[in-house]
Amino acid sequence: MANVVGTATTRDIGASGSPLLDRRGRELRDIRISVTDRCNFRCVYCMPKQIFGRDYAFMPREELLTFEEITRLARISVANGVEKIRLTGGEPLLRKGLPDLVRMLSQLRTPQGAEVDIAVTTNGSALALLASDLKHAGLKRVTVSLDSLDDEIFQAMNDVRFPVSKVLNAIDVARDVGLWPVKVNMVVKRGLNDSDVVDMASHFRNSGHILRFIEFMDVGSTNGWELAQVVPSAEILERIGAVFPIEPVDANYPGETSKRWRYKDGSGEIGVISSVTQSFCHSCTRARVSVDGKLYTCLFATEGHDLREMMRGGCEDEELEAKLAWIWRNRQDRYSELRSRNTRMPNAKRIEMSYIGG
Ligand code: SAM
Ligand code: SF4
Ligand code: SF4
């Protein structure tokens, strides 16, 4: 899983028409870009207050990739096979002018002339305000995180007393402006919100939105992850299936991370993302760009490749493209596949999700 940092040559360029393949034969198809490492929530599983307190040193503004730099990287990635771009963070809607970035990215076209699928993952706190601007800027889809319908539990999880009602309202606003269907992400942590699984399923049935249950992951080094806190997707499906009969649905595309299920009575669809109990590294086609422009080839990578330094050093597009291709061709990450079932993998320098982009 170690990243290979080295020199690229023009022979590494992948825009020739043939897909960029890594050392395990996986194409580069999507990138997640963290547009800010800041967040107004302090979710206990992501940015615990004890670590991300008042004196936590977030990235200074000048360190962040500018919108022009992000768009340049995105354009080169799209020329090399990327079809999906997800803006994330931290809380991406806190990045000033986000609709402008969406507008810039939505101009991009694949070598075949197709539009690029642009999405945003958000905690929903500012979505009611920005949904319409984002839609007009060209955003197609939005994923909203919501871990519980119970205010006490939700507020204990976001740790800033943010109420459920505002997130639900944001989901409605997103639907009303045409960012629909909304995907709703629920991270399930045993003993904290797993009692809410069936209530959440019940709430979002018949709404047209797609609720996805995410296994609590051992990302970063601050969330105190233990395997015992993971609720396996199989258990989630069993609990839901006992109340609302469900059946599996084919994936929308090869390598889809969320396994799809639908209610047998036609009342909608859910998904499970089983990063811990059924890893999907074999089909992982995703790269991540950190808030300061480092490219990571895995959520659990310990080192990134500094593309911002190249860009600010005045490199040509061809050099950037060759570097991207070289990085991808040398990729062999498969952290989740290797993760021990009993304990987290030894890994001294883990990168926090808010920095690398969840
Ligand atoms: N702030 C935005 C949000 O919460 O939607 C975007 C960034 S957040 C890091 C992206 C997604 O990662 C969220 O759905 C969040 O619940 C999920 N996430 C964060 N930490 C996680 C963990 N340890 N295990 C599983 N999912 C996690
Ligand atoms: Fe913020 Fe999202 Fe992390 Fe929660 S999961 S602390 S909302 S970045
Ligand atoms: Fe992809 Fe790394 Fe996650 Fe495996 S562990 S699915 S390689 S990001």
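Q: Hi! What covers the buried residues of α7 here?
A: The cover includes β5 (183-188), α6 (197-204), β6 (210-215), β7 (246-248), β8 (259-263) and β9 (269-273), with contact meaning heavy atoms within 4.5 Å. Helices (H or I, at least four residues) and strands (E, at least two) are DSSP runs, numbered from the N terminus. This is a predicted model: local features need pLDDT of at least 70, side-chain atom pairs count only at pLDDT 80 or more, and totals for chains, interfaces and linings use all residues. Side-chain values use heavy atoms, leaving out hydrogens and water, and residues are numbered from 1 along each chain as its sequence is written, while chains are lettered from A and ligands numbered from 1 in the order in which they are written.

Q: Thanks! Which residues of α7 are buried?
A: In α7 (residues 233-243) they are Ser 233, Ile 236, Leu 237 and Ile 240; buried means under 20% relative accessible area, exposed over 50%, partly exposed in between (1.4 Å probe, protein chains only). They sit on the same side of α7 because they cover an arc of only 95 degrees around the axis, taken from the directions from the helix axis to the C-beta atoms.

Q: And what does the face turned away carry?
A: That face of α7 has the exposed residues Ala 234, Glu 238 and Ala 242.

Q: Switching to the sheet: which strands are at the edges?
A: The 12 strands form an open sheet with mixed pairing, in the order β7-β8-β9-β6-β5-β4-β3-β2-β1-β10-β11-β12. Its edge strands are β7 and β12 (305-306), each pairing on one side only. Two strands pair if DSSP finds at least two bridges between them.

Q: How do β7 and β8 pair?
A: They are antiparallel, over three bridges. Glu 247 stands opposite Arg 262 in β8.
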